Amino acid sequence: MKVFAPAVIITALIVGPHAHSQWEKVSDKSIPRTSTGEPNLMAPAPRTTDGNPDLSGVWLPDGDPIPEGVETVEADLPLPRHMINITADLAPEEVELTPWAAELFDQRLQNRGIDSPEANCKPAGVPYLTAFVLPYKIVQTPELVIILYEQDTVFRQIFLDGREPVEDPLLRWMGYSTGEWDGDELVVDTTGLTEESWLDAMGHPHTDSLRVIERFRRRDAGHLEIETTIDDPGAYAQPITYTVTATAFADDDLLEYFCSENEKSSVHYQ
Amino acid sequence: MKNHALVPIVIGLGFSLLASSGLAHHAFSAQFDAEKPIKLIGSVTSVEWRNPHTWFYIDVEDDSGNVSNWGWELASPNLLIRRGWTRSMMKVGDVVTVEGFHARDGSNTGNVRTVTFNATGQTVFTGSNAGRRGP
């Protein structure tokens, strides 16, 4: 598969570091400020009145250099490595796919992403969305956490009211999530995920028995970690754990994204 | 305006086998060919600031005077606007030089890497983060 070195063709750049924002720098009151008014990303994480860390805010998964061998539509755009590959931090011997999963994964790689859900205007799903290149917004209440993802303009509900996971749940892209606090970590248990979804851009597959455990940690005001465990014995011999990091996307906000609005690419897929 | 058809541009190409990457929508290699860099000059006929990809179209005239319309795919409006583009940056009638990659199916479409506004000589890179942390 071909890749290219995008930087060699740049002659000038009129797009500066202080790029326009759709939101004209609306000041996010939920994040501490420095004496000069800038978001203080290193300040202690805010807490809610019940004493738990407050995960609320707009977050953007951190980008990484594009690995060698990966082609992207938007050249030179840093991508979260776990968006591309959930096993990016693991040695090959630490990842053992079951035979059918290995065959499907290889088939998806050979197809160059043509059959990916996103390429066909279907949602990205959980946990792919938490490592995606677009921001998301967390709204935290004592008994319900809502995550609004810009990608696909989808929502996710995480119930903290003590309810049990649904038996034989209706399969869906966001799954069915319940959560509880473990100290300063919000532990989220998600099941009911349709096997139609991919775990990353490479196409790591899963079964509909997939269980995703996410541990949300707000390290400080500006930094969020999501330790994600993929527990799916039907597809992986051992659970896969990786940690996605995100930075507060302060003074910005979500836009909408409807893939079906003006999709003109798929007729050209080959 | 005259355009010397499909002018290959000199660009560094690396080769390895790893993966295709999907972004907000599709993988590059699902639609475009990294071995087919192209450079076209034309006049903008329309601009579509809509998801999942921003598109603009240019009329390109070859040496024989034949005019063809080419569609160029950019990143999503969400990505572009956070990277410094504005909706009014490109207007119908602007003459631009576009460098990018041709569609695998041979249609008059391409994926953009740079756009130069010929009137000013200014070039925008469609994917650079330009020092910005956002998408």
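Reader: How many bridges join β8 to β9 in chain A, and in which sense do the strands run?
Author: In this predicted model, strand β8 (residues 185-191) and strand β9 (residues 211-220) of chain A are joined by five bridges and run antiparallel. Within this pair, A:T190 stands opposite A:V212 of β9.

Reader: What do the strands of chain A close into, and in what order?
Author: Nine strands close into a barrel, in the order β2-β4-β5-β6-β7-β8-β9-β10-β11, with mixed pairing. Neighbouring strands of this sheet are turned by 30 degrees against each other on average, direction ignored.

Reader: Let us take β2. Which strands does β2 of chain A pair with?
Author: Strand β2 is antiparallel to β4, with three bridges between them; A:V58 has A:K137 as its bridge partner there. Three bridges also link β2 to strand β11 (residues 240-248), again in the antiparallel sense, and A:L60 stands opposite A:T247 in that strand.

Reader: Is β2 buried or exposed, and what about its faces?
Author: Strand β2 (residues 57-61) is mostly covered, with five of its five residues buried. In a regular strand, side chains alternate between the two faces of the sheet. Here A:G57, A:W59 and A:P61 are buried on one side, and A:V58 and A:L60 on the other.

Reader: Changing topic: where does A:P142 lie, and why is A:P142 classed as exposed?
Author: A:P142 lies in the loop between β4 (136-140) and β5 (144-149) of chain A. A:P142 counts as exposed because 11 other C-beta atoms lie within 10 Å, and the cut-off for exposed is 12 or fewer.

Reader: What does A:P142 touch beyond its sequence neighbours?
Author: Leaving aside residues up to four places away in sequence, A:P142 touches A:D50 and A:L160. The C-alpha atoms of A:P142 and A:L193, 51 residues apart along the chain, are separated by 25 Å.

Conventions. Residues are numbered from 1 along each chain as its sequence is written. Chains are lettered from A and ligands numbered from 1 in the order in which they are written. This is a predicted model: local features need pLDDT of at least 70, side-chain atom pairs count only at pLDDT 80 or more; totals for chains, interfaces and linings use all residues. Two strands pair if DSSP finds at least two bridges between them. Helices (H or I, at least four residues) and strands (E, at least two) are DSSP runs, numbered from the N terminus. Axes are lines fitted to C-alpha atoms, for helices over the stretch in contact, and angles run from 0 to 180 degrees between N-to-C directions. A residue is buried if 20 or more other C-beta atoms lie within 10 Å of its own, exposed if 12 or fewer, and partly exposed in between; C-beta atoms are placed from the backbone. Two residues are in contact if their C-beta atoms, placed from the backbone, lie within 7 Å.
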